[in-house]
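Student: I would like to learn how to read some features of a protein model, one at a time. Could we go through them together, with the general idea before each case?

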Amino acid sequence: MAEQFAAPRTTVVTGAGGWLGRGLVHRFLHDPARRHVKLLAHSTAEAHALASLGDVEIVIGDIGRPDTARRLLHGAGTDCDVIHTAGIIHPRLTREFFEINANGTRHLVEAAGGHRVRRLVHVSSNSPFGTNPHANDTFRANEPYNPYYGYGVSKMQAELAVFEAIDRGLDATIVRPPWFYGPFQPPRQTVFFRMIRAGRFPVVGDGEQRRSMVYIDNLVDGVVAAELTPAASGNAYWIADRRPYTVNEIVETVGRALADEGLEVKPNNVHVPAIAGRTAEFGDRIVQRLGRYQQQLHVLGEMNHTIACDISRAMNELGYDPRVELYDGMRASVRWCLDEGVEL
Amino acid sequence: MTIVPATPRMDADVLVIGSGAGGATTAAVLAEAGLDVLVVEEGEWIEQGSIVPFSLEQMDRQYRAGGVTVALGLPSIAYTEGRCAGGGTEINSGLYRRPPADVIERWTRDFDIADLDYDEVVSIAGDVEEALDVGVVPGPSTAPSDVLRRGAERLGWQHSEIPRWMKYTNGGSGQRQSMTRTYLPRAMAAGARIATGCRIDSLEMGGRTARSASTTLPDGRRGTIRFGDVFVCGGAIQSPALLQRSRIDGPIGRSLAVHPTVKLAARFADELNVPDDVAVHQVKEFAPELSFGGSASQPGLVALALSDQWATFSKAITDWRRISLYYAAITSEGRGRVRTVRGLHDPIVTYGLTRRDRALLGSGLARLTLLMLEAGAEEVYPSFRGAPIVRAPKDVATMNGSFSASKASVMTVHLCSTIPMGQDRAQCGADSFGRVHGTDNVWVNDASLLPTAPGVNPQGTVMALAIRNARRFAASGRHRG
């Protein structure tokens with residue numbers, strides 16, 4: 001395992017109320033070495049929810065506004081790491097992608113450079129890289145940008161902003177997670193569970209497309225490793241479960257996890273021809289060109305493709321070792337939903 | 001040398017049509033087995049060294065139709081065929097790859113090829129490697145080749161130097177060990193005759209047996225060649241076309257396979273262009289589906305590569321010494337057809353790319369572009385209409401946004417699979433040893449037999465299979481006593 005930094009005096013998390021943000025806060029609050037945890041929440045309601053988790057300092061603000069990052073880092077000192085998870089994935093209007101994902105990151109890296117923070121970890125996505133050209137292809141550590149519509153373009157612009165800041169002297173590392181799953185999941189993932197329970201998850205084409213996914217705890221491990229590995233500076237890493245899964249395997253495994261948690265699951269019987277996936281993708285493109293965003297079209301269009309990534313660089317350079325695989329991770333997610341009283 | 005003039009009446013125990021990787025090896029094996037062999041070649045015998053390699057003059061004299069041959073489709077795919085003694089071996093990159101084990105195994109299974117033993121293939125490949133002096137370039141590789149090595153290394157992508165069939169004398173640039181320097185002289189030393197400038201128009205069939213071949217001589221006169229057996233080795237376009245003109249039925253010309261390629265021109269800070277040679281490094285990180293390598297880059301070809309987006313790319317041409325050309329090749333799931341049309345001298349070739357092929361071409365071009373930037377390219381000019389000049393990673397996104405295979409200059413040099421070999425008569429035009437199904441004495445022994453495109457430079461595989469089949473034929477005892 002590579003040499004590691006000690007935890008910094010101050011750990012700053014943007015997007016703290018989000019899925020990954022809450023996973024990170026949970027981890028940091030259980031780590032005595034994290035003396036000071038400072039969070040960016042985007043609303044008072046979110047701030048209240050975060051304050052109930054433990055001893056944290058909270059700043060409320062919109063990362064898309066230039067002054068927010070400065071306020072967030074004010075007084076944080078230089079023994080400070082910033083984990084930037086704030087972003088928007090399913091907005092109402094496509095311009096929100098650019099305000100939040102691209103401009104928000106520009107503001108943050110500028111402020112982080114000005115404050116001479118120790119390290120910034122930028123949470124990117126698979127979206128700047130589009131989809132694999134065929135079902136057996138796997139994204140390597142370095143790939144050409146080929147952004148998947150509005151979200152992908154905005155996340156690419158965010159990466160470019162980080163790389164430019166690195167060239168100006170910022171110590172930063174990029175992690176690229178694909179589709180998450182696990183506790184703290186937002187409502188859209190609940191829909192996914194409900195569709196599978198009802199036997200109505202649309203498997204596009206033959207279902208042998210491969211998808212990399214990442215269990216939230218694995219992702220938190222990867223983000224922390226990227227934060228604390230000195231040699232990771234300037235690099236970007238895929239952080240995902242050990243291997244990609246086929247869509248058929250995902251549907252089957254989630255069904256089994258739901259059943260093993262005592263829920264009734266109907267056999268899945270929605271098979272959509274590949275042409276429907278392509279039609280949805282086309283519709284997604286048109287709708288996004290009109291400045292709007294329609295989640296179902298976007299997700300169905302993307303389901304037609306393989307999005308698979310190779311995590312060996314993170315394993316070799318960060319000592320990243322994803323411990324949870326799909327079945328166990330999905331059971332934990334289902335249990336979390338049931339414990340939280342989420343109806344599946 | 002026994003280059004004989006083509007005459008109106010010729011005969012031989014075995015007529016070999018074509019003198020490339022398939023025909024030359026067939027002729028050598030059969031002549032050395034004591035058979036009376038006549039090789040007929042449509043093109044000229046041109047001594048190496050009398051023409052600059054990869055030059056326009058070479059295209060004019062050693063390529064079919066001056067190098068301008070096209071498989072129709074959307075996009076149309078330009079291809080090249082050698083038309084000279086030695087065929088494609090005189091003009092190609094000279095890179096050698098052994099027949100891949102997994103490919104041979106897949107062919108055996110999917111096409112029901114009898115008695116195709118990989119150990120035997122490898123043993124023959126060993127003989128070929130010795131005969132052609134297969135080896136790596138002594139000393140450092142050229143600057144265009146080093147670009148591939150350097151870019152791949154920075155990206156952590158697998159790459160290797162591909163051995164070539166070149167003979168290097170101290171300090172010399174190497175002599176390609178093409179068929180005119182190896183198997184054709186061997187065939188002639190064993191008594192084979194070769195007639196050049198002579199086209200075979202058709203085989204005259206009597207039931208299952210070919211009785212004779214109708215020829216057109218260099219001076220335009222017609223002639224006839226009588227033979228016991230005939231080996232058709234005209235390559236994957238000409239061989240099926242000849243069988244079709246001879247009214248031989250079966251799955252012939254219906255399953256053309258190629259490795260489609262897209263190109264780019266990359267400009268570097270320093271001069272690197274090597275007009276008369278190609279890169280020996282290939283990037284195999286995404287193999288077999290995608291491979292990257294260097295293309296012939298003499299100034300005329302650089303201009304051709306820039307012509308897709310001439311309005312914005314043309315200024316670069318004056319800088320050609322700092323530019324080299326590279327390709328991304330894919331294994332295609334598409335198929336093409338070769339059809340002869342009565343009254344037309346050349347067959348009509350068509351090829352259709354699949355959706356996956358198009359996605360792969362785009363991905364290949366983008367990954368190759370990234371590699372060029374990593375290797376230090378200042379500007380990359382991708383070969384498709386509407387392409388941007390790429391200077392930084394963000395420009396690759398723009399390039400991906402405007403790419404479509406239909407706008408690209410897609411070309412190929414690896415043509416095969418038009419008469420697949422095997423016992424499965426629904427897909428195979430020839431049996432497991434190359435005899436055309438439904439005939440007694442018509443054999444095919446060239447790239448047409450490869451059941452699919454092999455995913456690597458195919459010449460080594462073509463030669464190994466041709467030698468295997470010719471040895472079986474010789475051992476069968478036909479034409480003896």
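Tutor: Let us begin with a charged side chain and a ring: A:Arg118 lies over the face of A:Phe5, and its distance from the ring centre is 4.3 Å. Please keep in mind throughout that this is a predicted model.

Student: Which ring in chain B has B:Arg367 over its face, and at what distance from the ring centre?

Tutor: In that case the ring belongs to B:Phe286, and B:Arg367 lies over its face at 3.8 Å from the ring centre.

Student: How should I describe two aromatic rings that lie beside each other?

Tutor: A pair of aromatic rings is described by two values, the distance of the centres and the angle of the planes. Over all chains, the count of aromatic pairs in this model comes to 20. One of them is formed by A:Phe129 and A:Trp238, with 5.6 Å from centre to centre and 65 degrees between the planes, and this pair is edge-to-face.

Student: Where in the chain do A:Phe129 and A:Trp238 sit?

Tutor: A:Phe129 is in the loop between β5 (119-123) and α5 (149-167) of chain A, while A:Trp238 is in strand β11 (residues 236-238) of chain A, so that the pair links distant parts of the chain, 109 residues apart. A:Phe129 counts as buried because its relative accessibility is 2%, where the cut-off for buried is under 20%. A:Trp238 likewise counts as buried, at 3% relative accessibility.

Student: Which residues form one aromatic cluster with A:Phe129 and A:Trp238?

Tutor: The cluster is made up of A:Phe129, A:Phe139, A:Tyr145 and A:Trp238.

Student: What kind of pair do B:Phe286 and B:Phe292 make?

Tutor: Their ring centres are 6.3 Å apart and their planes stand at 55 degrees, so this pair is tilted. B:Phe286 is buried, with a relative accessible area of 4%, and B:Phe292 is buried too, with a relative accessible area of 1%.

Student: Which residues does A:Arg140 touch, not counting residues up to four places away in sequence?

Tutor: With those set aside, A:Arg140 touches A:Trp238 and A:Asp310 in chain A, and B:Trp157, B:Glu285 and B:Phe286 in chain B.

Student: How do I read a strand?

Tutor: In a regular strand the side chains alternate between the two faces of the sheet. In β1(A), A:Thr10, A:Val12 and A:Thr14 point one way and A:Thr11 and A:Val13 the other way, and all are buried. Five of the five residues of this strand, residues 10-14 of chain A, are buried, so it is largely enclosed by the rest of the structure.

Student: Which strands does β1(A) pair with?

Tutor: Strands of a sheet pair through backbone hydrogen bonds, either parallel or antiparallel. Five bridges join β1(A) to strand β4 (residues 80-84) of chain A, and the two run parallel; there, A:Val13 has A:Ile83 as its bridge partner. Four bridges join β1(A) to strand β2 (residues 36-41) of chain A, again in parallel, and A:Thr10 has A:His36 as its bridge partner. Together with helix α1 (residues 19-29) of chain A, β1(A) and β2(A) make a right-handed β-α-β unit.

Student: What unit do β1(B), helix α1 and β2(B) make in chain B?

Tutor: They make a right-handed β-α-β unit, in which helix α1 of chain B covers residues 21-32. Its strands β1(B) and β2 (residues 37-40) pair in the parallel sense over four bridges, and B:Leu15 stands opposite B:Leu38. Strand β1 (residues 9-17) of chain B also pairs with strand β12 (residues 222-232) of chain B, in the parallel sense over eight bridges.

Conventions: Residues are numbered from 1 along each chain as its sequence is written. Chains are lettered from A and ligands numbered from 1 in the order in which they are written. This is a predicted model: local features need pLDDT of at least 70, side-chain atom pairs count only at pLDDT 80 or more; totals for chains, interfaces and linings use all residues. Side-chain values use heavy atoms; hydrogens and water are left out. Buried means under 20% relative accessible area, exposed over 50%, partly exposed in between (1.4 Å probe, protein chains only). Two strands pair if DSSP finds at least two bridges between them. A crossover is right-handed if, with the strands pointing away from the viewer, the path from the first strand over the helix to the second runs clockwise. Rings of Phe, Tyr and Trp (its six-membered ring) pair if their centres lie within 6.5 Å; planes under 30 degrees apart count as stacked, over 60 as edge-to-face and the rest as tilted. A charge sits over a ring if NZ of Lys or CZ of Arg is within 6 Å of the ring centre and within 35 degrees of the ring normal. Contact means heavy atoms within 4.5 Å.
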